[in-house]
Amino acid sequence: MSLPLADQALADGVRRSERRALAKAITLLESTRADHRARADALLDALLPATGGAVRIGLSGVPGVGKSTFIEALGLHLIGQGRRVAVLAVDPSSSVSGGSILGDKTRMEQLSVRDEAFIRPSPAAGTLGGVAEKTREVLLLCEAAGYDVVIVETVGVGQSETAVAGMTDLFVLLQLPNAGDDLQAIKKGVMELADLVVINKADLDPAAATRAQAQITSALRVFGQQGNPAHGAPAPVMQASGLKGEGVAMFWALVMQHVEARRASGALAQRRQRQAQDWLWDLVRHRLLSDFRAHPAVQRVLPATLAEVSAARTAPSVAARRLLQLFESNNS
Ligand code: GDP
């Protein structure tokens, strides 16, 4: 399909890595207007062959663990090696509270002024699903614009780690040196998503960092023995100091080791294929559910039906079938 002339110029600009074109394309796909959405879809179609070339890294950790400091150190390190780096954020809190945990402008001051870096705060609109959806599309645009490494950052808010792990090649968890003292506080589910764990701020208390490294390593081994199908071997655990730039080179070496091994075995391609299919089904599921909830015939009987089910006067399966019948018979 060919694009209108203005959008063709936009696509060319993105491919040439022009920052203004990239920003404009992102604005287009973040727009809620239907005509903008149609243009953004055509743009994505046109750019898709140019995507897929980046190493996609997901990175999470509680506020204050040092994410932005670490990403800045890593970004500058990679730029020093001739790479170009994009940093995106998934922060569902920004749409709930109106304020973003990740979004303030003073973060990554040195990185943000570099031509080789592109930093985009979290899209503000909507639910986690909506925020993640936009971020996935922005990730593709960044790849089309030739960024070699895309880092998607998130805080542990409302399943955002799962969403970010679901759009990246490897998922990194940053922990504080005292994390090992309170393993209960580490969410097992999040730990199981991790492909790499970094004990950050190791400069503050090297002994505590070493202890945390040992404790988390053995905790991951136990999770592994409980049969996590996602991991062959337990995720490596390393120490770093984003502030001092220590451990950044080793971090990158571990990332590349992980990516290269999975590229060679085909696991990386499989992961991306699975993510692409999950993305499609997510959208279909959300759209169908919102159509269902918005359907007038369904809306009319829904409160009474829910009350019936709560009071155990109608079986949930029977109620669901009746609602679906109403939806389908009024929908064709
Ligand atoms: P984020 O909320 O996870 O993005 O954390 P920030 O990167 O904003 O860091 C929070 C605070 O911790 C800031 O005051 C940083 O200067 C400090 N910090 C970040 N990394 C380190 C580190 O490796 N060592 C030490 N000592 N302080 C750090």
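This is a predicted model: local features need pLDDT of at least 70, side-chain atom pairs count only at pLDDT 80 or more; totals for chains, interfaces and linings use all residues.
Visitor: Why is Ala9 called partly exposed?

Guide: Ala9 has a relative accessibility of 45%. Buried requires under 20% and exposed requires over 50%, with partly exposed in between.

Visitor: Where does Ala9 lie?

Guide: Ala9 lies in helix 1, residues 5-15.

Visitor: What makes strand 5 and strand 6 a pair?

Guide: Two strands pair if there are at least two bridges between them. Strand 5 (residues 170-175) and strand 6 have 4 bridges, in the parallel sense, and therefore meet that definition. Leu173 stands opposite Val197 in strand 6.

Visitor: How do you know that strand 6 and strand 7 pair?

Guide: The requirement is again at least two bridges. Strand 6 and strand 7 (residues 237-239) have 3, also in the parallel sense, so the pairing holds. Val197 has Val237 as its bridge partner in strand 7.

Visitor: What covers the case for saying that both faces of strand 6 are covered?

Guide: In strand 6, residues 196-199, Leu196 and Val198 are buried on one side, and Val197 and Ile199 are buried on the other. In a regular strand the side chains alternate between the two faces of the sheet.

Visitor: How do you know that the length of helix 14 agrees with what it should span?

Guide: Helix 14 (residues 316-329) has 14 residues, which at 1.5 Å a residue should span 20 Å. The end C-alpha atoms are 20 Å apart, so the two values agree.

Visitor: Which residues of helix 14 are buried, and why are they placed on the same side?

Guide: Ala319, Leu323 and Phe327 are buried in helix 14. They cover an arc of only 70° around the axis, which puts them on the same side. An α-helix has 3.6 residues a turn, so residues three or four places apart point the same way. The buried residues pack against helix 12 (267-294) and helix 13 (296-310). On the face turned away from the buried side are the exposed residues Arg321, Arg322, Gln325 and Ser329.

Key. Residues are numbered from 1 along each chain as its sequence is written. Side-chain values use heavy atoms; hydrogens and water are left out. Buried means under 20% relative accessible area, exposed over 50%, partly exposed in between (1.4 Å probe, protein chains only). Helices (H or I, at least four residues) and strands (E, at least two) are DSSP runs, numbered from the N terminus. The expected span of a helix is 1.5 Å times one less than its number of residues. The arc is that of the directions from the helix axis to the C-beta atoms. Contact means heavy atoms within 4.5 Å.
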